[in-house]
Amino acid sequence: MDPSEHISPQIVDGWARALAPVRRYHQHRVEGMEHMPKEGPALLVIHHSLATYDGFLFAMAAYEEIGRLPTALGDDLIFKMPMLGNLARQSGIYPASPKAGYALLKAGRMLFVSPGGMWESLRPSEEARSVRWEGRQGFCRLALRAQVPLIFIACPAADDIFTVRKSRITDAVYKHFKVPLPFVKGRRGTPVPRPIALTHYVSPPLVPPVHDPAKEEAQIAALHQEACAMMQALLSR
């Protein structure tokens, strides 16, 4: 699908120029790009690091390799900030909802989701390379109902860009206000990201079973268990 159908060429070019030095800084590369579909819908399930921008690096690499840019579902907090929300929409990021996700997949899009969301990104360094998907089964429900494959994408080294301190304050602020307040340090103890070499790993597609409404909850539970295992395997590389 031509990215100009949902993202303007000017926005694509702007992101490419902005990310070029970041890609060089992190020596970014991808293994498993052959698993990305050249056409048709797919649910791209990405692990959420605190750095966040690693997902954009992957999206640009996918565009260069297969000529497709994923759309994405973003955290509500993004759209509460007018300037950031406008940029997100122009970049193909939509407010997260099952209805929006289903419509995008049925329109043939590759759709980025991060089941762990902001909560996953706030993991302390003691929990590096792990998933926080407990109770987060919505992406499995979406893939099952839309009958699209899930493709898992992880960048284990992204958890090394910052050291994240375990903090009750961080947990409490997120729990009550859904706002990130991490205590972090990067290069030489500053907020500057460390120049860690980043490699994204892409899994083969996981095709959901034929949807059976009478057994939906059991199908979702089984799919979620397999999804967690596949993502953890990528993070262990």
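Visitor: On what basis are residues and values reported here?

Guide: Residues are numbered from 1 along each chain as its sequence is written, and side-chain values use heavy atoms, with hydrogens and water left out. The model is predicted, so local features need pLDDT of at least 70 and side-chain atom pairs count only at pLDDT 80 or more, while totals for chains, interfaces and linings use all residues.

Visitor: Why are helix 5 and helix 7 called oblique to each other?

Guide: Helix 5 (residues 98–106) and helix 7 (residues 138–146) pack at an angle of about 40 degrees, with their axes 10 Å apart. Helices (H or I, at least four residues) and strands (E, at least two) are DSSP runs, numbered from the N terminus. Axes are lines fitted to C-alpha atoms, for helices over the stretch in contact, and angles run from 0 to 180 degrees between N-to-C directions. Angles under 35 degrees count as roughly parallel, over 145 as roughly antiparallel, 65 to 115 as roughly perpendicular and the rest as oblique. Helix 5 and helix 7 are therefore oblique.

Visitor: Which residues make the contact of helix 5 with helix 7?

Guide: On helix 5 they are Pro98, Gly101, Tyr102, Leu105 and Lys106, and on helix 7 they are Leu142, Arg145 and Ala146; contact means heavy atoms within 4.5 Å. By class, this contact has five nonpolar, one polar and two charged residues. Ala, Val, Leu, Ile, Met, Phe, Trp, Tyr, Cys and Pro count as nonpolar, Asp, Glu, Lys and Arg as charged, and the others, Gly among them, as polar.

Visitor: How do you know that the buried residues of helix 5 are on the same side?

Guide: The buried residues of helix 5 are Gly101, Leu104 and Leu105. They cover an arc of only 95 degrees around the axis, which puts them on the same side of helix 5; the arc is that of the directions from the helix axis to the C-beta atoms. Buried means under 20% relative accessible area, exposed over 50%, and partly exposed in between (1.4 Å probe, protein chains only). The face of helix 5 turned away from the buried side carries the exposed residues Lys99 and Lys106.

Visitor: What covers the buried residues of helix 5?

Guide: The cover includes strand 2 (42–46), strand 3 (71–74), strand 4 (93–95), strand 5 (110–113) and helix 7. Just after helix 5, Gly108 takes a positive phi of about 90 degrees.

Visitor: What do the buried residues of helix 7 pack against?

Guide: Phe139, Cys140, Leu142, Ala143, Leu144 and Ala146 are the buried residues of helix 7. Their packing partners are strand 2, helix 5, strand 5, strand 6 (150–154) and helix 9 (216–235). Helix 7 is followed by Gln147, whose phi is positive, near 55 degrees.

Visitor: How do helix 7 and helix 9 pack?

Guide: Helix 7 and helix 9 pack at an angle of about 115 degrees, with their axes 9 Å apart. In this contact, Phe139, Cys140, Arg141, Leu144 and Arg145 of helix 7 meet Glu216, Glu217, Gln219, Ile220, Leu223, His224 and Ala227 of helix 9. By class, the contact has six nonpolar, two polar and four charged residues.

Visitor: Why is Gln219 counted as buried?

Guide: Gln219, in helix 9, has a relative accessible area of 14% and is therefore buried. Leaving out residues up to four places away in sequence, Gln219 touches Leu144, Pro209, Val210, His211 and Asp212. Gln219 and Pro208 are eleven residues apart in sequence and 8.5 Å apart in space, C-alpha to C-alpha.

Visitor: Why does Arg188 count as exposed?

Guide: Arg188 lies in the loop between strand 8 (184–185) and strand 9 (199–202). Its relative accessibility is 78%, so Arg188 counts as exposed. Arg188 has a positive phi of about 55 degrees although it is not a glycine.

Visitor: What makes Gln27 an exposed residue?

Guide: The relative accessibility of Gln27 is 55%, and Gln27 therefore counts as exposed. Gln27 lies in the loop between helix 1 and strand 1, and phi of Gln27 is near 45 degrees, a positive value in a residue other than glycine.
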